[in-house]
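Reader: I would like a close look at one part of this model, with the pairing of its strands spelled out. After that, please go on to the rest of the sheet pairing and to the charged side chains.

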Amino acid sequence: MRQGWKTLVLSGALLAALYLLTGCSVPKMILNPQDLYALPTLPEKYTELNTLLGAILDGGAEYAAPTSGTNTQPVQLVDLDGDGREEAVAFFRNPNDEKPLKIYIFTVGEDSYQQTDLIEGTGTGIYSMAYEDLNGDGRMELLVGWKAAVDQQVLEVYARGLGSMEALVRANYVKYITMDLDLDQRRELVVIRADEEGEGTADYYSWQPDGSFSSQSSARISVTMAELSQQGRVTTGMLDGKIPALFVTGVTEMPRAITDILAVRNGELSNIVLSEVTGVSSQIAPYCSLYPTDINGDGLTEVPWPTQLLSLANEGLSYQRVDWYCYDSGGNGTVVLRTYHNMEDKWYFRLPEEWVNRIWISRMTAPDEASATFYILGGDAAEAEPFLRITAITGSSREYRAVRGNRFLLSRQPEIIYTAELLDANENWKYGITADGVREAFSLITTEWAAGDN
């Protein structure tokens with residue numbers, strides 16, 4: 001998200017930092033010890049802003065910062081109009097007013113702030129705040145999520161007009177996303193919500209020739225809003241041919257991951273994997289905490305499909321492989337990569353195509369070690385042979401144990417070391433791998449940081 005905001009925090013320690021950032025030179029002086037307890041002097045414009053905020057508080061209001069998203073500060077500094085100077089956006093609640101939720105916008109002049117806009121709303125709180133230049137004119141639109149009720153959120157999109165804030169959109173929503181879906185260099189809005197019958201739907205808001213921003217089409221979503229809200233995720237990405245798309249993943253109780261893929265066709269939003277027979281997405285797979293991502297670094301987005309196979313130890317079914325599908329604009333999927341994902345030890349391994357249906361993997365744990373052993377499957381009653389072992393080592397003696405035997409280093413992390421060793425069967429197997437090949441195929445599973453939904 002393109003943002004230029006900074007948080008305005010009026011505390012003693014940060015006041016000093018703010019004073020130094022003004023670029024003032026400090027003459028040589030002798031300090032009285034008592035002076036060390038005095039706060040430094042703020043630039044005048046910030047002092048006046050603090051006075052304006054104080055007057056609102058004195059009028060019976062209280063700070064009501066957004067509770068989700070990336071912008072959760074009660075006062076935010078944002079360059080809304082692209083002139084290089086930051087406006088101040090402040091969030092309040094005044095329970096005595098008919099519209100208790102308030103978003104004040106203060107514009108800075110040469111040396112002072114003054115109130116220029118006020119957005120008011122009703123509900124239990126301000127859920128989120130986002131700043132987006134949707135039409136590419138250098139000015140930020142404001143996307144406000146109001147918490148209307150326990151299970152209801154309302155999105156409003158505002159643009160700064162000549163005289164005041166102009167409301168472009170008002171819609172109930174569960175999730176929303178902005179993205180240039182039609183490649184016109186302007187960002188469109190997709191609002192995901194439940195319709196009157198409780199079915200999932202995605203509304204597509206786009207820019208019109210007259211400059212208006214309105215909903216032009218809708219697409220059916222396979223999952224319920226509960227399945228999307230709990231463990232679901234909306235991912236922006238690319239289809240084959242570098243076509244922008246949204247990947248909407250919901251998780252059912254079974255659990256299953258259902259992924260809808262939304263793209264623009266002939267100016268309208270379409271769910272390209274929605275089956276005409278079943279009315280739901282054709283992309284329904286076991287859920288293993290994996291979501292669409294660019295797994296192979298080719299700039300396109302792949303959708304995971306875990307494959308369930310029989311266990312060598314007769315322990316029932318186990319997910320031994322993840323097939324990653326890339327889709328084209330017609331909804332046709334092609335496997336572009338297969339991996340083994342070790343979610344417990346937070347690493348994955350890119351499997352050579354020659355290994356498919358020829359190997360098995362078992363995981364065992366010991367004090368301060370967890371190992372995954374790769375086996376060559378034997379024909380008929382032949383015993384499976386181990387040919388590769390990858391180990392995650394923890395504990396105080398991990399550096400010593402990491403070089404034990406024929407182990408070689410894969411990755412060293414602050415609290416864990418990952419090693420591998422090639423076992424005897426690897427040497428004579430025609431699909432065997434080298435140490436460099438192991439290093440190239442090994443990757444850590446990184447956790448995506450998320451500040452919450454907008």
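Author: Strands β8 and β9 form a hairpin, with two residues between them. Strands here are DSSP runs of E with at least two residues, helices are runs of H or I with at least four, and both are numbered from the N terminus. The model is a predicted one, in which local features need pLDDT of at least 70 and side-chain atom pairs count only at pLDDT 80 or more, while totals for chains, interfaces and linings use all residues. Residue numbers start from 1 along each chain as its sequence is written, and side-chain values use heavy atoms, with hydrogens and water left out.

Strand β8 covers residues 141–149, and β9 covers residues 152–160. The two run antiparallel and are joined by seven bridges; strands count as paired if DSSP finds at least two bridges between them. Within this pairing, L143 stands opposite V157 of β9.

β8 also pairs with β7, residues 125–132. This pairing is antiparallel too, and seven bridges make it up. One of its contacts is between S128 and G145, the bridge partner in β8. Seven of the nine residues of β8 are buried, so this strand is largely enclosed by the rest of the structure. Buried means under 20% relative accessible area, exposed means over 50%, and partly exposed lies in between (1.4 Å probe, protein chains only). Strands of a sheet pair through backbone hydrogen bonds, either parallel or antiparallel.

Now the charged side chains. A salt bridge is a side-chain nitrogen of Lys or Arg within 4 Å of a carboxyl oxygen of Asp or Glu, and by this rule there are 21 salt bridges. One of them brings E62 and R93 together at 3.1 Å, N to O. E62 belongs to strand β2 (residues 62–63) and R93 to strand β4 (residues 87–93), so this pair ties together parts 31 residues apart in sequence. E62 is partly exposed at 38% relative accessibility, and R93 is also partly exposed, at 24%.

E369 takes part in another salt bridge, with R401, at 3.1 Å, N to O. The pair links distant parts of the chain, 32 residues apart: E369 is in strand β25 (residues 369–376) and R401 in helix α4 (residues 398–401). E369 counts as buried at 13% relative accessibility, and R401 is buried with a relative accessible area of 9%.

The side chain of E369 also meets that of R407 in a salt bridge, at 3.0 Å, N to O. R407 lies in the loop between α4 and β27 (408–412), 38 residues from E369 in β25. With a relative accessible area of 11%, R407 is buried. Through shared partners, salt bridges join E369, R389, R401, R404, R407 and E421 into one network.
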